[in-house]
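Welcome, and please take a moment with the model below.

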Amino acid sequence: MKPTIFAAEDDAAIQELYKYSLENDFNCSCFENGEALFDALSKNKPDLILLDIMLPGNDGFTILSRLKSDRATAHIPVIMVSAKGEEVSKVKGLNMGADDYIAKPFGVMELAARIKANLRKNEKAAAPNAVYKDIVVDYSKHRIYVNGKPIQTTLKEYNLLCLLCENAESVQERETIFNEVWGDGFIGETRTLDIHIKELRKKLSESEAAIQTIRGVGYMLI
């Protein structure tokens, strides 16, 4: 089933852009103001909300405050969307509880990637710990434990080990890893992945689990 996206946006052209660009991966519904958004929320809860700042009636900041103060909607990821690209607006939105911020004009590929990234992040936060052998991924603390001891990782190492742990004993292709850990359309040295694997192997040297290389394909946690 496709994730459901609610978008609070009064610009008809951008509403059409949302519906056209997101229809393949999401069910997207648009609302012209906060009143219409909350009316829809009383009947159905989406997986994510796109929230414009400049709206008729209550602005995006007021709507965000109401969303995050209500237990029924506080868990829903919110991406603030606005032509206001000033840092102060971005910081204000993030400090009030927004999960991400994207400034107009934006590319449709970037928008879809931001949505997917925030949905993945929200799924992990709500999920139980991932466990494989003596490796425990604690999503709530963003920590990884080996033999009961926390290991220090960079953000990319954490995301990479999470992916391997969640799919233990299943080969993860290099392209899949790049898309999941570095993001769609990664441009860089292909050896970047090999270097991160090398560092993780050092940090898993005392673990019962090991990262196996599947030549010409990718990696697998065994």
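The buried residues of α7 pack against α6 (155-166), β10 (172-173), α8 (191-203) and β12 (218-221). Contact here means heavy atoms within 4.5 Å, and buried means under 20% relative accessible area, with exposed over 50% and partly exposed in between (1.4 Å probe, protein chains only). Helices (H or I, at least four residues) and strands (E, at least two) are DSSP runs, numbered from the N terminus.

Before going further, please keep in mind that this is a predicted model: local features need pLDDT of at least 70, side-chain atom pairs count only at pLDDT 80 or more, and totals for chains, interfaces and linings use all residues. Residues are numbered from 1 along each chain as its sequence is written, and side-chain values use heavy atoms, with hydrogens and water left out.

**Around helix α7**

Which residues of α7 (residues 174-182) are buried? They are I177, F178, V181 and W182. These residues lie on the same side of α7 because they cover an arc of only 100 degrees around the axis, the arc being that of the directions from the helix axis to the C-beta atoms. Just after α7 comes G183, which takes a positive phi of about 100 degrees.

Leaving aside neighbours within four places in sequence, K156 is in contact with V181, W182 and H196. K156 is partly exposed, with a relative accessible area of 27%. K116 is 40 residues from K156 along the chain, and their C-alpha atoms are separated by 17 Å.

**The whole chain**

Stepping back, the protein chain has 8 helices and 12 strands. Its C-alpha trace spans about 60 × 35 × 35 Å along the principal axes. Of its 222 residues, 40% are buried. Contacts between residues at least 6 apart in sequence include 53% that join residues at least 24 apart.

On charge, there are 28 positive and 33 negative side chains, and the centres of the two sets lie 6 Å apart. Lys and Arg count as positive and Asp and Glu as negative, while His and the chain ends are not counted; each charge is placed at NZ of Lys, CZ of Arg, CG of Asp or CD of Glu.

**Confidence**

The pLDDT is the predictor's confidence in each residue, from 0 to 100. In the chain, 95% of residues reach 70 or more. Here are the mean values:

| Part | Mean pLDDT |
|---|---|
| Protein chain | 89 (pLDDT) |
| Helix α4 (residues 87-95), lowest | 83 (pLDDT) |
| Strand β11 (residues 211-214), highest | 97 (pLDDT) |
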